[in-house]
Amino acid sequence: MSDPPVSSLLDVRPLLARGIDPYETVMAAAAAVPSGGVLRLDVPFNPVPLRRALAREGFSSHAQRQAVDFWQVTFLRDGAEGWEQRTEAEILPEGAMQWQEEDGFHLDVRRLPPPEPLRVILRLVEALNGVGRVVVHHDRDPVFLAPELAERGWAIVRVDQAMAEIRLCLEPERR
Amino acid sequence: MLPGLPASAADRLLPPHLPGRFFAAAVLFHLAAWLLLLGAGPDALLGFTGGPGPVAAALHLLTLGTLGMSALGAALQMLPVVTNRALAHPTAARWLFVLYAPGVALLGLGLTRPLPGVRMMGGAMTGLGLALFAAMVIHHLLQVSGMQALRRHLALALAALVGLVLLGLGLLADFSAGWFDNHRAVAAAHAVLAGYGFMGMLAFGFSTVLIPMFVLGPAIPETAARRSVWLAAPALGCGVIGLLGGSGALTAIGALFGLAAVVVHLLALAGSVRRRMRRRLEPFFRLVWLSWAMLLLSLVLGLALALGAPADPWAVLWGLALVPGWLLSFVLAILQRILPFLAAMHSATDGRPPVLPSRLETPWATTLHSIAHASALALITAGLLAGLVWPLWLGLAAGAIGAVAFTLYAAGVPWRLSRFRAALAASAQG
């Protein structure tokens with residue numbers, strides 16, 4: 001069976017390099033894709049939250065790593081039935097996304113109103129019971145998080161300003 | 001920083017000494033107000049009908065001093081955090097303190113002693129400080145988007161600020177010039193704009209952010225926050241116009257709108273508290289419960305006054321429920337929670353984790369303060385209702401003891417932090 005034709009190609013790496021969130025651009029491009037059509041996206045990372053968002057618009061997706069900082073994601077507008085079961089991300093009640101990668105649990109709390117990011121992060125930290133690592137994808141450097149983590153024996157061990165997000169690595173404190 | 005990214009935490013947090021000096025001044029004005037009242041004794045309270053003197057001075061040390069200083073310090077610290085953008089001109093915060101803090105002190109002195117020049121100088125400096133604050137907030141809000149609920153509350157607070165400063169300066173001049181036919185009605189309108197308008201809307205706005213954050217509850221729904229503002233605006237309008245125009249019916253309508261706004265606001269906050277993640281409410285929440293009860297009580301008393309209840313003793317009881325009851329209880333609760341938290345936030349240096357906020361607290365001091373503060377309210381209310389001197393003495397003494405305990409608590413935070421840093425330095429050398 002031949003692959004469906006690619007309706008749209010989008011490389012969002014230049015936008016991200018300029019610090020621009022490409023979310024709206026991708027959603028606009030996706031809206032123009034007809035039923036059965038394909039949108040292919042070039043990105044520097046696996047965009048799990050975006051894949052989840054487009055699944056709600058009826059897109060199944062498949063991501064393939066081409067290089068260290070280059071992923072190609074193919075979105076197929078097929079109704080995305082059963083996509084929830086196949087995907088690696090879980091949507092939490094507050095709207096945050098949680099998934100697991102080799103380096104630990106990942107939480108995407110971007111676009112959540114305060115104090116929802118704080119609640120989601122602390123709930124996962126408490127559930128981990130002092131073991132593991134959490135990588136938080138945030139749209140801000142959360143000012144109030146560090147003291148709350150300290151009260152739970154955790155610390156922010158690294159803050160990376162990634163493209164269009166701030167990424168925090170949380171680990172139990174080594175006392 | 002990459003372009004397009006939000007300001008980092010370091011950009012958004014002011015240097016700790018900037019909000020710290022506002023909070024320190026707030027705590028000292030609180031202590032000064034209670035000591036002044038205790039020094040004046042029960043007779044000053046029983047015979048108070050307005051006008052300059054130790055009661056008016058203590059009232060302004062509490063409102064402009066404790067409440068205002070706390071609101072300014074908290075707003076300067078919290079606005080950049082919640083709007084995710086650094087203050088454009090942090091040096092303006094220094095000028096704000098230089099104008100405002102001595103202004104409040106001079107106004108307090110000028111109201112205690114018959115010093116009209118000092119009083120006007122203090123009032124003018126305070127007014128200029130508040131104008132600078134308003135300019136800073138407006139400039140900041142014009143640069144950001146989102147946080148609509150907070151922006152609406154702040155906009156209404158600033159609108160009330162304009163009215164209260166104008167009426168306040170008019171009242172100060174009226175002590176000498178005798179401009180107003182009904183000085184007490186103008187003073188009541190000034191109090192409504194200050195207590196429910198400026199301070200009240202700041203408290204409402206920051207509550208929608210702070211209370212869910214402190215209890216780890218869900219965010220307040222935007223619709224509830226919007227409704228409370230839409231109800232509060234006509235409440236303030238009707239209340240102030242009714243008082244200035246001598247219309248009890250219009251003032252009563254304002255009180256009813258106010259009650260509706262408060263019910264909407266408190267139901268939204270209570271919903272967040274009910275669904276909180278933090279199982280045990282921290283001690284500061286005792287004062288929050290008290291403040292919410294006093295807010296409702298103050299509006300019921302205001303309604304009764306508007307409908308013709310005698311000013312003696314209900315007007316003083318209304319003031320008691322509004323200022324030390326609602327606003328002071330709420331502000332001291334927030335200060336109690338936020339002082340160790342802010343100090344802990346600033347203690348994280350060189351990649352080290354911050355000191356635990358709980359290690360910076362002095363629990364006995366907060367317990368003593370809460371008990372003394374609630375006792376002061378109850379005893380002074382009983383004394384005013386019964387016209388008895390001894391409950392007033394006990395109430396004033398309890399208030400002063402509470403203020404001393406709170407001062408010790410606040411002073412304990414930097415002291416404990418310095419001990420933590422010294423221990424850290426010693427362990428690094430060892």
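## Nonpolar cores

A nonpolar core is a set of buried Ala, Val, Leu, Ile, Met, Phe, Trp, Tyr and Cys residues joined through C-beta atoms within 7 Å. In this predicted model, the largest such core has 179 residues, and those that touch the most other members are B:Leu193, B:Phe198 and B:Leu327. Helix α12 of chain B, which spans residues 311-347, gives this core its largest share, 23 residues.

The surroundings of B:Phe198 can be listed residue by residue. When neighbours within four places in sequence are left aside, B:Phe198 is in contact with B:Leu193, B:Ala157, B:Ala160, B:Leu161 and B:Leu164.

Six helices and 10 strands are found in chain A. Of its 175 residues, 37% are buried. Among contacts in chain A with a separation of 6 or more, 59% are between residues 24 or more positions apart.

Chain A is divided into domain 1, residues 6-86, and domain 2, residues 90-172. Taken over C-alpha atoms, the centres of domain 1 and domain 2 of chain A are separated by 24 Å. Contact between these domains of chain A involves nine residues of domain 1 and six residues of domain 2. On the side of domain 1 of chain A that touches domain 2, α1 (13-17) and α3 (48-56) each supply at least two residues. The largest share of that side, three residues, comes from α3(A). By class, this side of domain 1 of chain A has six nonpolar residues, one polar and two charged.

## Helix packing in chain B

Helix α12 of chain B packs with helix α14 of chain B, residues 389-429, at an angle of about 10 degrees, and their axes are 11 Å apart. Angles under 35 degrees count as roughly parallel, and α12(B) and α14(B) are therefore roughly parallel to each other.

From α12(B), the residues that meet α14(B) are B:Leu332, B:Gln336, B:Leu339, B:Pro340, B:Ala343 and B:Ser347. Their counterparts in α14(B) are B:Phe406, B:Tyr409, B:Ala410, B:Val413, B:Pro414, B:Leu417 and B:Phe420. The contact of α12(B) with α14(B) has 11 nonpolar residues, two polar residues and no charged residues.

## A buried glycine

B:Gly123 belongs to helix α6 of chain B, residues 116-143. With 25 other C-beta atoms within 10 Å, B:Gly123 is buried, because a residue counts as buried if 20 or more lie within that distance.

Apart from neighbours within four places in sequence, B:Gly123 is in contact with B:Leu107, B:Gly168, B:Leu169 and B:Leu172. B:Gly123 and B:Gly110 are 13 residues apart along the chain, and 9.3 Å separate their C-alpha atoms.

## Backbone features

Two cis peptide bonds may be described here. One runs from A:Pro114 to A:Pro115, with omega near 10 degrees; A:Pro115 lies in the loop between β7 (104-108) and α5 (116-128) of chain A. Another joins B:Asp312 and B:Pro313, with omega about 10 degrees, and B:Pro313 has its place in helix α12 of chain B.

A:Asn129 is not a glycine, yet has a positive phi of about 55 degrees. A:Asn129 is placed in the loop between α5 and β8 (134-138) of chain A and is exposed, with 9 other C-beta atoms within 10 Å. B:Leu216, also not a glycine, has a positive phi of about 55 degrees. The loop between α8 (183-215) and α9 (222-245) of chain B holds B:Leu216, which is partly exposed, with 19 other C-beta atoms within 10 Å.

Technical notes: Residues are numbered from 1 along each chain as its sequence is written. Chains are lettered from A and ligands numbered from 1 in the order in which they are written. This is a predicted model: local features need pLDDT of at least 70, side-chain atom pairs count only at pLDDT 80 or more; totals for chains, interfaces and linings use all residues. A residue is buried if 20 or more other C-beta atoms lie within 10 Å of its own, exposed if 12 or fewer, and partly exposed in between; C-beta atoms are placed from the backbone. Helices (H or I, at least four residues) and strands (E, at least two) are DSSP runs, numbered from the N terminus. Two residues are in contact if their C-beta atoms, placed from the backbone, lie within 7 Å. Domain bounds come from an automatic or database domain assignment. Ala, Val, Leu, Ile, Met, Phe, Trp, Tyr, Cys and Pro count as nonpolar, Asp, Glu, Lys and Arg as charged, and the others, Gly among them, as polar. Axes are lines fitted to C-alpha atoms, for helices over the stretch in contact, and angles run from 0 to 180 degrees between N-to-C directions. Angles under 35 degrees count as roughly parallel, over 145 as roughly antiparallel, 65 to 115 as roughly perpendicular and the rest as oblique.
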